[in-house]
Amino acid sequence: MPAVNSEPDRRRAVERFLDEERDQLVRHLSEWVRIPSVASQPERAVDVDRSAHWLAGAMRDVGLSTEILHAGPAPAVYGELLVDPELPTVLVYSHHDVRHAKPEEWVETSPWEPALRDGRLYGRGASDAKGQVLAHLWGLRAHLATRPDGTPAVNLKFLVEGEEELGSSHFADLLDAEGERLACDVVVFSDTLQWKAGNPAVVTSMRGMTGATLTVTGPARDVHSGAVSGPAPNPVHALVTVLAAIHDDTGRITIPGFLDDVDELSDERREQLHALDFDPDVWVERTETRSTTGEAGYSVEERLWARPSIEVLTLLAGDPTGYPRAVIPREATAEISIRTVPGQRVQAVAEQLRRFVADTMPDGVTYELEIPEETGQDPYVTPNGPALEALVRAMELGHGTETSGRMGNAGGGPAELLGRVFDAPVLFVGTGLPEDHWHASDESVDLRTLLDGAASIAHLWHELGADGNGTEHDGA
């Protein structure tokens, strides 16, 4: 393909290149999806290694030099294409590990046998986040194909970790060990959702997150309810008493001090969120949540992206499977997910939860509360500036339409850590959609959104480069 210089010609050339490469992209993504890189399952460790080596090979095919890095057991893949120290340097972050899948719940296909239907590729990791990683590789291919000298407009570094779904527990150590090599002017974070197919919005914030496990113990062993029912302590009752007290009847979190540090939503941010074409009924249909609940006095968008949340993800007690034994169980356990917003910090939230549980737990039982603060992630907001302006231009070129506004990412990730370590703005470039069923059965990726994302990435390198004037380079 001949190199092009004018913006309209470049947009058409990138679109044409990616349309011609669509089948090749699907073939490669299908091949990668077949590798069950589930880092949470020790028996899949070899598959996580295979996934890393597969990606390293795919990076080399695009012209990147690559290396497998380790901090902890899971492999991360590093790739770079450095052309000129005078150009801005961009670090792309994503991950290649995937969530555990329950094959018995998948209908469209089995998790590790990708299937293409109605413009969607089904399979675990097709969207989260192997599809996002390949959007970068194909976006780079399109970018190089339209450059006058076949080299990128920026220096590129890729870091694709292998334990994001475990909370990135060794990621800070990896950044500490490789900080000099990874130094950059801008971070591009690709593990987020997009607004709607054909109707893009710019993600400018990410909630923080931490988890907690609360285990309550009552009797010394499971005890027949007919023998002790009434006076015996029941850990299930104690656990649900604490869990029910976390929210009041308006959906507001009641943990003392928890909301005190939350930054008030600015008028500008509120207007940005309300500018989205957000229909709560359509959102319920798209996400299959059946209804909306949550903190009164805030819109659904605000609850998703600007307000903190606490969710109970699992409850375990008694005999959840098999035949019931009519016993009061010895213990009951809950897994809790906490999403934080600007102003909040993991350490403070953890201490607030500890005090709340201690003050709320009924008498007659003991408990253990585990909060892995070391894997907690603080919230992040992309600063206004030339890098964000470059992203807006790139997305509009890549999607062929104006962006519909600003949004946030309701989930978490190490965005704040990356921005702090490298003292660089973090841009969010995601190719997923709520309909993609991340972490659930029948995960899939919308190929049109994936290709539009790849096109946006191709344009982003131009916009961030010297000719696009998208970033202020300080020689990092």
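Asp423 comes directly after helix 12 and has a positive phi, near 50 degrees. Helices here are DSSP runs of H or I with at least four residues, strands are runs of E with at least two, and both are numbered from the N terminus. This is a predicted model, in which local features need pLDDT of at least 70, side-chain atom pairs count only at pLDDT 80 or more, and totals for chains, interfaces and linings use all residues. Residues are numbered from 1 along each chain as its sequence is written, and side-chain values use heavy atoms, without hydrogens and water.

**Helix 12**
- Six of the eight residues of helix 12 (residues 415–422) are buried, so the helix is largely enclosed by the rest of the structure.
- Buried means under 20% relative accessible area, exposed means over 50%, and partly exposed lies in between (1.4 Å probe, protein chains only).
- The buried residues are Ala415, Glu416, Leu417, Leu418, Gly419 and Phe422.
- Their packing partners include strand 3 (89–95) and helix 4 (171–182), where contact means heavy atoms within 4.5 Å.

**Backbone in the loops**
- Ser168 lies in the loop between strand 6 (155–161) and helix 4, and its phi is positive, about 55 degrees, although it is not a glycine.
- Ser168 counts as buried because its relative accessibility is 7%.
- Arg290 sits in the loop between helix 8 (280–287) and helix 9 (300–305), with a positive phi near 75 degrees.
- At 79% relative accessibility, Arg290 counts as exposed.
- Asp128 and Ala129 are joined by a cis peptide bond with omega of about -5 degrees.
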